[in-house]
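Colleague: Hi! Could you walk me through this one when you have a minute?

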Amino acid sequence: MVLAWAALAVAGIGTAIAGLARLGWPFELACHFRLQYALLACVSAVLFGGAHAWPPAALAIVFALINIRALGSLTTRTAPIPSGRTSRLLMANVWCLNRSPARLERLIQQAAPDVIVLVEMTPRWIAALRHLEADYPFS
């Protein structure tokens, strides 16, 4: 029964914190675990139901439904199809220990992106890719 209460507590607290996401980023972090809260709440509901503890089982079901509804709103949205011009984005993690920019340069040439986003840039990488400033001046 301790496991059921622990699962219910985590699911309930996580659900409550995720519900406060609009108040700031610390609360928003909890939104990334809605599936886990729903699963914990379902496990808790089954455990409480097996023990004929109906009030906490009902509460667990409520937490599960709140999180499942939040997950559903994430998966049912559709992005509008752009009309006219589209942009191409290339994002790459260059890995700071990588010392060979040749593969990235080939990828950039092949993909011909409008925007390039590079992660883990070091002064060495910046110097190696400086020649791209002519085509991508807003670096």
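Predicted model: local features only at pLDDT ≥ 70, side-chain atom pairs only at ≥ 80, totals over all residues.

Colleague: Great. How many helices and strands are in the chain?

Modeller: The chain has six helices and two strands; these are DSSP runs numbered from the N terminus, helices being H or I with at least four residues and strands E with at least two. Along the sequence the pattern reads α-α-α-α-β-α-β-α.

Colleague: And is the chain spread out or a compact globule?

Modeller: It is more spread out than a compact globule, because its radius of gyration is 24 Å, well over the 14 Å that the globule rule gives for 139 residues. That radius is taken over C-alpha atoms, and the rule is 2.2 Å times the number of residues to the power 0.38. The C-alpha trace spans about 70 × 40 × 25 Å along its principal axes.

Colleague: What share of the residues is buried?

Modeller: Buried residues are 27% of the 139 in the chain. Buried means under 20% relative accessible area, exposed over 50%, and partly exposed in between, with a 1.4 Å probe and protein chains only.

Colleague: Now the strands. In which sense do E1 and E2 pair?

Modeller: Strand E1 (residues 89-93) and strand E2 (residues 115-119) pair in the parallel sense over five bridges; pairing requires that DSSP finds at least two bridges between the strands. Leucine 90 stands opposite isoleucine 116 in E2. From E1 the chain crosses through helix H5 (residues 102-111) to E2, and this β-α-β crossover is right-handed. That label applies if, with the strands pointing away from the viewer, the path from the first strand over the helix to the second runs clockwise.

Colleague: Which residues of H5 are buried?

Modeller: Leu104, Ile108 and Ala111 are buried in H5. Seen down the axis of H5, its buried residues fall within an arc of 80°, so they line one face of the helix; the arc is that of the directions from the helix axis to the C-beta atoms. On the other side of H5, Arg103, Gln109 and Gln110 are exposed.

Colleague: What do the buried residues of H5 pack against?

Modeller: They pack against E1, E2 and helix H6 (123-128). Contact here means heavy atoms within 4.5 Å.

Colleague: Nice. Where is alanine 112 found, and what is its phi?

Modeller: Alanine 112 is in the loop between H5 and E2, and its phi is positive, about 45°, although it is not a glycine. Its relative accessible area is 47%, so alanine 112 counts as partly exposed. Glutamate 120, in the loop between E2 and H6, is not a glycine either and has a positive phi of about 65°. At 32% relative accessible area, glutamate 120 is partly exposed.

Colleague: One last topic: is alanine 18 buried or exposed?

Modeller: Alanine 18, in helix H1 (residues 2-19), counts as buried at 3% relative accessibility. Leaving out residues up to four places away in sequence, alanine 18 touches Phe27, Ala30, Cys31, Arg34 and Tyr37. The C-alpha atoms of alanine 18 and glutamate 28 are separated by 6.1 Å, with the two residues 10 apart along the chain.

Key. Residues numbered from 1 in each chain as written. Heavy atoms only, no water.
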